[in-house]
Amino acid sequence: MKAALYNGPHSIEVGERPDPAIEEPTDAIVRVALSCVCGSDLWYWRGESPHDLGAIGHEFIGVVEEVGKDVRGVAKGDFVIAPFIFCDGTCANCQAGVTSQCVNGAAFGNHGIDGGQGEAVRVPLASSTLVRVPGSAHSDETMRSLLTLADVMCTGHHAAVSAGVKPGGVVAVVGDGAVGLCGILASRRLGAERIIALSRNPARQKVATEFGATDVIAERGDAAVEAVRELTNGVGVDAALECVGTGQSVATALAVTRPGSVVGIVGVPHGVDASIADTIVFRNVGLRGGVAPARAYIPQMLDDVLEGRMNPGRVFDFETDLDGIAEAYAAMDERRAIKSLVRVLGR
């Protein structure tokens, strides 16, 4: 089958991988319909995070092609969403709702596991991992939004939930990538009254406003902190969403919060200063987040997508097929695209 192959920093191409096959009775084979490039994929592409050579990609939706004899709840022909980490649903972590830390789970697209940026994927623990999508003949707009539930929308939601976003609250979102934009959408869904987006990109500012941002700040660093404080009468926000992972973005998120609030941190950390502990202790600001338990969140948001109450698929502003995968990465790396959609199988 055709699949994206990671060959090292700044080197990704389409090549051939073996067609996946059932290896365990709990496996399923999913034929990929839509996939995409994640911001975390760019860390690998840039050589700033380690990644095995070979398969890559962890966000995909598609059609079940084959199931092992012990698979329950999904069947051949079902249209499904695959959360970016497979899980058993029964370990202590899964039972606590943290499916992203399943003791028997792992992410797709690394360490010998098929990647979502390919024509088909072997899905381990399929019964507890795959989420069946009811109905058929969904519009392209809906399909795009369903794809976001594999990771990016759930990650934005996790930032908002971790930060304790509540009805009537004031929220700041640090980061205008797809996760940050989905964090804005999630904050609006959770009832935030005021949502401050930190962005200086006009195209992303437009999406942020469409998703529910009430204010947009273009400044960075200390100037951004001062701007947020001016908007909040010097108090700071009730919740901050950190959706980048750099030292500056984490410092900004911590600085714009009021005492007693929480920062929901979901950005992959790079260059984050450990001295943030001083802020946590001496300003009474909490820090919570991590890898989103997408499998736990997908059922909560599926109906909102299917019934058109939210359209997170708007974050896809670049589209290609597998043959254009290298350009999909380059477009995001050069900030010509918010998020790149990869169309694999037409429906």
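**A pocket, a helix pair and selected residues**

Analyst: The second largest pocket holds about 190 Å³ of space. This model is predicted, so local features require pLDDT of at least 70 and side-chain atom pairs pLDDT 80 or more, while totals for chains, interfaces and linings use all residues. Residues are numbered from 1 along each chain as its sequence is written, and side-chain values use heavy atoms, with hydrogens and water left out.

User: How is a pocket defined, and which residues are the closest to the centre of the second largest pocket?

Analyst: On a 1 Å grid over the protein atoms alone, a pocket is an open set of points where a 1.4 Å probe fits, with protein on both sides within 12 Å along at least five of seven lines; lining residues have an atom within 4 Å of a point. Grid points are joined across faces, edges and corners, and the volume is the space filled by probe spheres set on the points. Of the 13 lining residues here, His 158, Ser 162, Arg 288, Gly 289 and Tyr 297 are the closest to the centre. Two elements, helix 5 (152–162) and strand 16 (286–289), each give two or more residues to the lining, and helix 5 gives the most, with 3 residues. Helices (H or I, at least four residues) and strands (E, at least two) are DSSP runs, numbered from the N terminus.

User: How does the lining of the second largest pocket divide by class?

Analyst: Ala, Val, Leu, Ile, Met, Phe, Trp, Tyr, Cys and Pro count as nonpolar, Asp, Glu, Lys and Arg as charged, and the others, Gly among them, as polar. The lining has 5 nonpolar, 7 polar and 1 charged residues.

User: What is the arrangement of helix 5 and helix 11?

Analyst: Two packed helices are described by the angle between their axes and the distance between the axes. Axes are lines fitted to C-alpha atoms, for helices over the stretch in contact, and angles run from 0 to 180 degrees between N-to-C directions. The axes of helix 5 and helix 11 (residues 294–306) come within 10 Å and cross at roughly 95°. Helix 5 and helix 11 are therefore roughly perpendicular, the term for angles of 65 to 115 degrees. Contact means heavy atoms within 4.5 Å; Met 153, Cys 154, His 157, His 158 and Val 161 of helix 5 meet Ala 294, Tyr 297, Ile 298, Gln 300 and Met 301 of helix 11. These residues divide into 7 nonpolar, 3 polar and no charged.

User: Is Gly 109 buried or exposed?

Analyst: Buried means under 20% relative accessible area, exposed over 50%, and partly exposed in between (1.4 Å probe, protein chains only). Gly 109 has 2% relative accessibility and therefore counts as buried. Its place is the loop between strand 8 (106–107) and strand 9 (120–123). Beyond neighbours within four places in sequence, the contacts of Gly 109 include His 51, Ala 55 and Asp 114. Gly 109 and His 58 are 51 residues apart in sequence and 5.5 Å apart in space, C-alpha to C-alpha.

User: Where does Asn 233 lie, and what is its phi?

Analyst: Asn 233 lies in the loop between helix 8 (221–231) and strand 14 (237–242). Although Asn 233 is not a glycine, its phi is positive, at about 55°. With 73% relative accessibility, Asn 233 counts as exposed.

How values were computed. Parallel < 35°, antiparallel > 145°, perpendicular 65-115°, else oblique.
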